[in-house]
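Biologist: I have not looked at this one before. Could you take me through it?

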Amino acid sequence: MKNIFLLLLTLSIISCENIKKKENMSLVNVNKEFFGKTSDGANVDQYTLKNSNGMEVSVISFGGIITSLKAKDRDGKNEDVVLGFDNLGDYENKSPYFGALIGRYGNRIKEGKFSLDGVEYKLAKNNGENHLHGGLKGFDKVIWDVEVEVNKSSASLMLRYTSVDTEEGYPGNLGVKVTYTLTNEDELKVKYEAETDKKTIVNLTQHSYFNLSAGLRKDILGHEITIDADYFLPVDMTLIPTGEIREVVQTPFDFREFKVVGDDIDLDDTQITYGNGYDHCWVLNNQDEGVRFVASAYDPLSGRLLEVFSDQPGIQFYSGNFLDGTLQSKEGGNYEFRSGFCLETQHYPNSPNQENFPSVILNPGEKYNSETIFKFSSR
Ligand code: GLA
């Protein structure tokens, strides 16, 4: 009798444990599924992180691409607020960097060349005369090793990639680790780490296109944006900074207070003309403060608010001006002109060729460390 009682007690403890585990699993969890095969036959998986509020972020091992991000509107509805495709082929062949990790160098390098210690390095000119986002096969098109970690209050994906010496023209073997963490505070944290065995340059970023209305509106012109920056970087016709650091005051680039994106986007202004809208790097304030608030975006229709925190000196605000209605969206429609915006935290474009810009050099023995946080809420 006593034995039976003990057995029953043990069984009930075990089943309680299982329920607890299940509860935890249903709160914060990671689901893995097959996403597709690359054109050279490599398998690509998709990992979906879910937090206790039902927020979800899906990432594929190809390019570390965020394929979907579901966040709550003011009525508590979790909906997808990032642009993307429903198949791997489009990510491989057509993508304007939707959701991707960007490296080794996010943004443009003038004429695809730079020098370190008197040695000139030549990179692909994949954007007119300039180099853009790491070259022909940047970090957005490579397969990353993925490791999963789930805790009570967050779920993480650790993505690793080794870019070999001379890959895309860059010097040094570069080991890169990017950690995506989804927390129960509805934050997506992106942590970048890198090390090299030879002096090189590094500027990593994340290239998600957001439309916080979750497709309710076909363009992002009704969103309101703030950028904590007193200065921005004027560019030439090819979007390379001229080297001038210009005050935003009394320009269409003043986002120090919430401003509707569409308000000044078609003004007769040389910088707006060169960008065909906004496609510029802002010089963020408080650069010595580490991770701090840098920008936010609000969609009055859905009530969704995105706040961006980062330790980076710059942010590229791109208003989706190259989208032209030709790309098919994952929902079946098409991505129209300015239907998504990017807030890419980074060092300034063309820094290797601009002595007055903060350095992007990484030496052997040093650790590249950077963090950006995308925090979602609604009001
Ligand atoms: C970046 C650039 C843009 C554009 C997009 C990709 O944001 O600043 O000019 O090239 O990437 O289309």
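Biologist: Where is H133 found?
Modeller: H133 lies in the loop between β10 (131–132) and β11 (145–150), strands being DSSP runs of E with at least two residues, numbered from the N terminus. This is a predicted model, in which local features need pLDDT of at least 70, side-chain atom pairs count only at pLDDT 80 or more, and totals for chains, interfaces and linings use all residues. Residues are numbered from 1 along each chain as its sequence is written, and side-chain values use heavy atoms, with hydrogens and water left out.

Biologist: What is the phi of H133?
Modeller: H133 is not a glycine, yet its phi is positive, at about 50°. Most residues other than glycine have a negative phi.

Biologist: Is H133 buried or exposed?
Modeller: H133 is buried, with a relative accessible area of 5%, where buried means under 20% relative accessible area, with a 1.4 Å probe and protein chains only.

Biologist: And what about L239, where does that sit?
Modeller: L239 is in the loop between β18 and β19, has a positive phi near 70°, and is buried at 7% relative accessibility.

Biologist: Switching topic, which strands make up the open sheet of five?
Modeller: The order is β19-β18-β21-β24-β27, with antiparallel pairing, and two strands pair if DSSP finds at least two bridges between them. β19 (246–247) and β27 (342–346) stand at the edges with a single partner strand each, so one side of each has no neighbour in the sheet.

Biologist: How many bridges link β18 and β21?
Modeller: Three bridges join β18 (residues 231–233) to β21 (residues 279–283), and F232 has W282 of β21 as its bridge partner.

How values were computed: Helix = DSSP H or I, 4+ residues; strand = E, 2+ residues; numbered from the N terminus. Buried < 20%, exposed > 50% of the residue type's maximum accessible area, 1.4 Å probe, protein only.
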